[in-house]
Every structure is written in structure tokens, then in C-alpha cells.
Amino acid sequence: MKSTSMFRNLLALLCLLSTQAYVLNGSTSGGSAFVVSQQRRAPVVATAAPAVAAKPGMTMMGGSQAKFGVFSPAVYAAKIVLGTPRLNKIRGKAISLHSEKISDFCRFIGAYHLRTRIIKKAKVNGDTLGFLV
């Protein structure tokens with residue numbers, strides 16, 4: 001009897017939340033716009049783009065140009081305050097600790113084969129956020 005009323009309450013809550021999503025997003029799907037934005041799209045074929053002159057100090061390992069992101073101003077301020085060698089030492093230590101935690105997590109969930117992919121994804125995310133300028 002108690003589990004039936006709990007089930008009804010949960011169902012009512014889900015209905016309310018789906019209605020709220022409709023009101024907030026203005027869509028009839030009842031879902032989040034984030035989910036729609038994450039759907040796979042057809043691959044874009046790269047065309048020859050004109051060469052862009054790289055700004056000094058904005059190259060990542062591998063030679064590609066780092067993106068300017070949300071945290072880039074903080075990284076530039078840290079470069080001024082700490083100096084590039086000390087910042088690189090701190091950045092290397094942070095990357096090392098993060099990779100270690102990713103490895104521990106992969107071992108814990110039994111998916112160690114995904115470790116390299118997750119670390120590469122972390123690098124891409126760090127670049128997008130502006131940590132690698």
C-alpha cells in the first residue's frame with residue numbers, strides 16, 4: 001500500500017517536471033535543449049582554410065593553436081604573476097593529478113580500456129575552456 005502511494009507521488013512529480021520543461025524551454029518535446037544540442041550530426045568536411053598567424057605563447061603540445069576560453073584571462077594573469085616556467089610546472093602537476101584520478105576512476109568502474117579516451121577528452125575540454133593558452 002505504501003509503495004503504491006510512493007509510486008503515485010513519483011509519477012506526479014515526473015509529470016510536473018516534464019510540464020515545467022515545456023514551459024521553460026518552449027518546446028513540445030518536454031526535454032532539455034541541451035540533449036538536442038548533443039545529438040550526432042553528419043561529419044563536416046574540412047576545406048582548405050587560409051593560414052592564421054598564431055599568437056605567441058598560444059600553442060599547445062602537438063603544435064596546434066590553443067583556443068581562447070572562459071578561463072584564459074585567469075591563465076594569462078597567472079602567467080604574469082607566477083611566470084611561465086612556474087605556471088607550466090603547476091599546470092603539469094595539475095594535469096598529472098587529474099590523469100591519475102581518471103585512471104583510478106577507470107579502474108574502480110572496470111573500464112580501464114576507456115582511460116586514454118577520457119584523458120584525451122579532458123585535454124579537449126581544457127582547451128575549449130581556455131586552460132591551455
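Tutor: Over residues 15-32 of this predicted model, pLDDT, the predictor's confidence in each residue on a scale from 0 to 100, stays under 50. For that stretch the model has eight contacts beyond four places in sequence, a contact being heavy atoms within 4.5 Å. Where pLDDT is low, the predicted coordinates should not be read in detail.

The numbering starts from 1 along each chain as its sequence is written, and side-chain values use heavy atoms, without hydrogens and water. In this predicted model, local features need pLDDT of at least 70 and side-chain atom pairs count only at 80 or more, while totals for chains, interfaces and linings use all residues.

The mean pLDDT of the protein chain is 74, with 53% of its residues at 70 or more. The chain has five helices and zero strands, where helices are DSSP runs of H or I with at least four residues and strands are runs of E with at least two, numbered from the N terminus. Confidence is lowest in helix 2 (residues 33-37), at a mean of 50, and highest in helix 4 (residues 84-109), at 95.

Helix 4 holds both Asp104 and Arg107, three residues apart, about one turn of the helix. Their side chains form a salt bridge at 3.1 Å, N to O, under a rule that asks for a side-chain nitrogen of Lys or Arg within 4 Å of a carboxyl oxygen of Asp or Glu. Asp104 is partly exposed at 34% relative accessibility, whereas Arg107 is exposed at 51% (buried is under 20%, exposed over 50%, partly exposed in between, with a 1.4 Å probe and protein chains only).
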